[in-house]
2 protein chains.
Amino acid sequence: MAPWAERLAGVRGVLLDISGVLYDSGAGGGTAIAGSVEAVARLKGSRLKVRFCTNESQKSRAELVGQLRRLGFDISEREVTAPAPAACQILKERGLRPYLLIHDGVRSEFDQIDTSNPNCVVIADAGESFSYQNMNNAFQVLMELENPVLISLGKGRYYKETSGLMLDVGPYMKALEYACGIKAEVVGKPSPEFFKSALQAIGVEAHQAQ
Amino acid sequence: MAPWAERLAGVRGVLLDISGVLYDSGAGGGTAIAGSVEAVARLKGSRLKVRFCTNESQKSRAELVGQLRRLGFDISEREVTAPAPAACQILKERGLRPYLLIHDGVRSEFDQIDTSNPNCVVIADAGESFSYQNMNNAFQVLMELENPVLISLGKGRYYKETSGLMLDVGPYMKALEYACGIKAEVVGKPSPEFFKSALQAIGVEAHQAQ
């Protein structure tokens, strides 16, 4: 048995990242990474279960999937695990009303969430919306809370766009942590709960996954 | 001898902070803190040497002093130790050409500094200039350097304006540190070198100062 086949012997499922693995995001919808469209097709044609597990939080799943399909990927919305819906579940469970420091592209994921009189902050890869004014609003919300809750969709340092390296949510999460003397709760990779929820969706145990 | 007089027995000089101690900054030049104008006058009329030691880095010393004089303070530019001129000295000594992520109000302090083809980043309390675009520019400069140098004018978490709490430079310094995996050099308080330079200016030893 070839080494790779041996390594895959006990594997039943595969989690695939999206940005930087399947495609590089950028102007005009980004570009597929060479070979990735074919790789996804081969995996989905195999005996393996496949799930897409992304920290993408500038776009709703609907928008992301639409973009990937236009690049040629065989992917549907229900195959994607993403931080925004995971955060919504946490907000509902804990009765949290967030100040949303997020990109407009992902706002629709929070349509069902009460954002009046905020008692927490949700921060995501907001891009240009990381203005001083918006950061200061988030900071002031946190400083007025007795128990400040900061939920961060991922904690990535930066990502690559076709135009160059771009600051991700992590640096801004660190900024608010330092300003308020608090520790954020990270929803998304590398949180173990996030990987677990992706595996649960395809009924695969951690030791059976790649 | 009264306890306070006893405590001051060996004291020859006093370092005074400015923002939040002498005045609260804000729209229209801010407001003097009650009793501070008189306190400065009494100190300067005493046998004690007085120096103003500030982390103010949104304004040039000229602008800051003008504002304080309008509020009634007896203060001149040559009595002020501030981070921007201290940083300029370091830049010159080390042949560093900064990308300046600073407030327009303090830019004149850097008039003599070569900012072409940057080989370091200087970050200060930039207020509204802490846009995503400017932060990303600073980040990209640092990521392209073999030995990234980030100089931060202070590392304050936040300060009080008449309109409320405002994010200071520290959170943004932390953001760039995390994004690039580096440690900033802090010029200004609480750096011991900064206090020493303020004391040197009035010829007072650390153990003789309050």
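Analyst: Let us begin with Asp168(A), which lies in the loop between strand E10 (164-167) and helix H6 (169-180) of chain A. Please keep in mind that this is a predicted model.

User: What makes Asp168(A) a residue with no salt bridge?

Analyst: A salt bridge needs a side-chain nitrogen of Lys or Arg within 4 Å of a carboxyl oxygen of Asp or Glu. For Asp168(A), which is buried, the nearest side chain of opposite charge is that of Arg157(A), 9.6 Å away, and therefore no salt bridge is assigned.

User: Which residues is Asp168(A) in contact with, leaving aside its neighbours within four places in sequence?

Analyst: They are Asp125(A), Gly156(A), Arg157(A), Tyr158(A) and Tyr159(A).

User: Why does Phe139(A) count as buried?

Analyst: The word buried is used under 20% relative accessible area, and Phe139(A) has 0% relative accessibility, so it counts as buried. Phe139(A) lies in helix H5 (residues 132-143) of chain A, and, not counting residues up to four places away in sequence, it touches Leu176(A), Ala179(A) and Cys180(A) as well as Tyr158(B), Leu165(B), Met166(B) and Leu167(B).

User: Why is Asn117(A) called exposed, and what is said of the phi of Asn117(A)?

Analyst: Exposed means over 50% relative accessible area, and Asn117(A) has 60%, so the word applies. This residue is in the loop between strand E6 (98-101) and strand E7 (120-123) of chain A, and its phi is near 45°, a positive value in a residue other than glycine. Such a value is worth noting because most residues other than glycine have a negative phi. In chain B, Asn117(B) has a positive phi of about 45°, and at 59% relative accessibility it counts as exposed.

User: How do you know which peptide bond of chain A is cis, and where is Pro190(A)?

Analyst: The cis peptide bond joins Lys189(A) and Pro190(A), with omega about 5°, and Pro190(A) is in the loop between strand E11 (185-187) and helix H7 (192-201) of chain A. In chain B, the bond from Lys189(B) to Pro190(B) is cis, with omega near 5°. These bonds are pointed out because most peptide bonds are trans.

User: What describes the size of the interface of chain B and chain A?

Analyst: The two chains bury about 2600 Å² between them, 64% of it on carbon and sulfur atoms. Tyr132(B), Leu167(B) and Tyr178(B) supply 32% of the area that chain B buries against chain A, more than any other three residues. The contact takes 29 residues from chain B and 29 residues from chain A.

Key:
Residues numbered from 1 in each chain as written. Chains lettered and ligands numbered in written order. Predicted model: local features only at pLDDT ≥ 70, side-chain atom pairs only at ≥ 80, totals over all residues. Heavy atoms only, no water. Contact = heavy atoms within 4.5 Å. Buried area = accessible area lost by both parts, 1.4 Å probe. Helix = DSSP H or I, 4+ residues; strand = E, 2+ residues; numbered from the N terminus. Buried < 20%, exposed > 50% of the residue type's maximum accessible area, 1.4 Å probe, protein only. Lys, Arg positive; Asp, Glu negative; His and termini not counted.
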